[in-house]
Protein chains: 2
Amino acid sequence: VLPRVELALSGETFAAVYRISGSEEEAHARALDICVEQTVECPSDLLPEGDVREQLVGRIASFRELDAHHFEAVIHYAVEVTGWELPQLLNVAFGNSSMKAGIRLQRLELSPSLLSVFKGPRFGREGLRTLLRVPQRPLLCTALKPLGLPAAELANLAYQFALGGIDVVKDDHGLADQPFARYEERVQQCAAAVLRANRETGGRSIYAANLVVPADQLVERALFARRAGVGGLMVSPGLVGWDAMRQLAEDDRIAQPILSHPALQGSFVTHPDGGISHYALFGQIARLAGADAAIYPNYGGRFPFSEEDCRAIVEGTAVRMGPIKPIFPVPGGGMSLERLPDMLDFYGREVILLIGGDLHRHGPDLVATCRRFRCLVEDGGRGRSR
Amino acid sequence: VLPRVELALSGETFAAVYRISGSEEEAHARALDICVEQTVECPSDLLPEGDVREQLVGRIASFRELDAHHFEAVIHYAVEVTGWELPQLLNVAFGNSSMKAGIRLQRLELSPSLLSVFKGPRFGREGLRTLLRVPQRPLLCTALKPLGLPAAELANLAYQFALGGIDVVKDDHGLADQPFARYEERVQQCAAAVLRANRETGGRSIYAANLVVPADQLVERALFARRAGVGGLMVSPGLVGWDAMRQLAEDDRIAQPILSHPALQGSFVTHPDGGISHYALFGQIARLAGADAAIYPNYGGRFPFSEEDCRAIVEGTAVRMGPIKPIFPVPGGGMSLERLPDMLDFYGREVILLIGGDLHRHGPDLVATCRRFRCLVEDGGRGRSR
């Protein structure tokens, strides 16, 4: 009944790579199903003749066995289906398939027009190193906590951290706009405290303000932070949306480095037979969405991420994606000074080392503890490289 | 080192209920961990004396066995931690715990101040029935597809669907802003087509425009849709963020019914030992975020949702949540006219029945097929109620 459709498509395709569970026959059927579900979402026999049927439906470019129960399918999609917008790119890659069993989005292989449309991180690894004047060593990061401290106390902590030489002093991800430390008050005081410490040390520490924020106040609060003199922002795309982070990254009036935080994203990665891989989620997608550094729980801390998961994230933060810059992995989540030698071994120098609560465990002089953190990294990094 | 903190908290708490895997000892340890991880995110011995330690850390209000390997913990949080903002409420309920093993957010029990701050759906079940002038029977819904049709063809389909008496004619969730049918052209033509059909039938069908859209164009495109004469919007909170949907729902300039679509949310529900329950995700949270109707895959279709999952969603759409209105469940995903008797049995009349591709399977006269759909629902619903 539907008329034949001719679409004048460019022929450009991008690929999404899936890990599919099941027997070979089941997995292949699932791959064919993905081709339809992620595009026309309509049984093949009902499709109009012509380009919809022949070019808009995804195509299996390769299919291979990973092990007896898992197969990898590379599926090509016409780039036009994305409309060159991030929410729709994610939709094509995994929208409805997220609801099916046994399908994991492993990685994206983007095509030239997508790689030219998405700006990715504004700073990336190099830009952040230039901004912080740290050309070589791993960067140091800590978190302002706990929730419940008044703004002045948080600012006092920020001051000591910066005085001790922590490069990135960020809010804990639960600091939103609560009555015990309202957003504006907190951001103003913490930004000022870090700038004061910098004046005293000649350093270039930055304060990164957390933006867990209603959609209609996102830009406004980011602009406030900029005016207050912050040196970065932290955004949880699981809470505010990936594209909201991209919007902040691309806004020239804001122009701040962005740390992404994994809150509420765990359900994507925790079950290996579904969801999105660590590589794609915290690496590729974080970059597409404008993060300059991606925070995630390190192995051996208080979250169940494995060494393999963390290695995959590191790869995803740096894999070649056209002009989209590599970003920093930021392993955290229960890290300690004791873990530093191991972390330096594992990550080499292209990393931001996030240690939170443990900095309070080494005596009352927080500044001295931070200096020790810095020395351990400078010493530990010597002679190491990856 | 940190000074004692007094917070003048109200004492009001809300509850999040978790299903935790493991032995009783493991599960209880996980529950204690949730109390800290979701609030102060700081080891207890490092917390300042006073209210942070005594009132901001979550508290286990009850802990009981569900079966030999699963326990239910009800955890109370000081309402102030949410800042009365939706992204932070979700953050407190499940942010970091999403990354841990064996924790599923089962449901929320909100407190008076939260229930007065969140407006929820603008229309809800009753409002939508009034708007569509359908006081009793189940509502009918279909989707414009496939992706790739030009705007004029989509509008032609929309016209026939409305002529045949479908109440809600929605875009397929993959219709974004693609070159073969640009957003503005599509929305204008489809809205006009449905209005034209209404003039001819005297009916009140609505066209719901899909908004898979960059964050910085969300409001603009919604306002365009409103001006074009749509009767509703479809939003995928997994793609654009829950709070973006809330923003649209609360904006008086837009004031349209909202269907939520589950794209990219499957990873939250598919593994029962993690994620968020169907009840909370497609019921409670969809309502908090302003949906008037929540689309999800029905059991027995092309997605692996079970009858139990669907029953839980129905409960979540209607459970008492202060002044926040009940919303419609919208089961879809491979439904057919043949399934109608079963669906009417299962759902009763408080449902929107979504049948997509199957309407094209019953001969070339689409209008007649839609009329048959409507008759089957009117007849089938007779004498049934829940």
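Modeller: In chain B, B:Pro146 lies in the loop that runs between strand E5 (139-144) and helix H6 (151-163), where helices (H or I, at least four residues) and strands (E, at least two) are DSSP runs, numbered from the N terminus. The peptide bond that joins B:Lys145 to B:Pro146 is cis, with an omega of about 0 degrees. This is a predicted model, in which local features need pLDDT of at least 70 and side-chain atom pairs count only at pLDDT 80 or more, while totals for chains, interfaces and linings use all residues, and side-chain values use heavy atoms, with hydrogens and water left out. Residues are numbered from 1 along each chain as its sequence is written, and chains are lettered from A and ligands numbered from 1 in the order in which they are written.

Chain A has a cis bond as well, between A:Lys145 and A:Pro146, again with omega at about 0 degrees, and A:Pro146 lies in the loop between strand E5 (139-144) and helix H6 (151-163) of chain A. To see how the chains relate, chain B can be laid on chain A by a turn of 180 degrees and a shift of 0.0 Å along the axis, giving an RMSD of 0.0 Å, where the superposition is by least squares on the C-alpha atoms of residues with pLDDT of at least 70 in both copies. The two copies are therefore related as by a two-fold rotation axis, and in chain B the C-alpha nearest that axis belongs to B:Gly241, at 2.2 Å. Because 100% of the interface residues of chain B are also interface residues in chain A, the copies meet through the same surface, a contact being heavy atoms within 4.5 Å.

Two other loops of chain A also deserve a look. A:Glu41, in the loop between helix H1 (24-37) and helix H2 (51-56), has a positive phi of about 50 degrees although it is not a glycine. At 10% relative accessibility A:Glu41 counts as buried, a word that means under 20% relative accessible area, with exposed being over 50% and partly exposed in between (1.4 Å probe, protein chains only). A:Leu264, in the loop between strand E9 (258-260) and helix H11 (266-269), is likewise not a glycine and has a positive phi of about 70 degrees, and its 1% relative accessibility makes A:Leu264 buried.

Chain A as a whole holds 15 helices and twelve strands, and buried residues make up 65% of its 386 residues.
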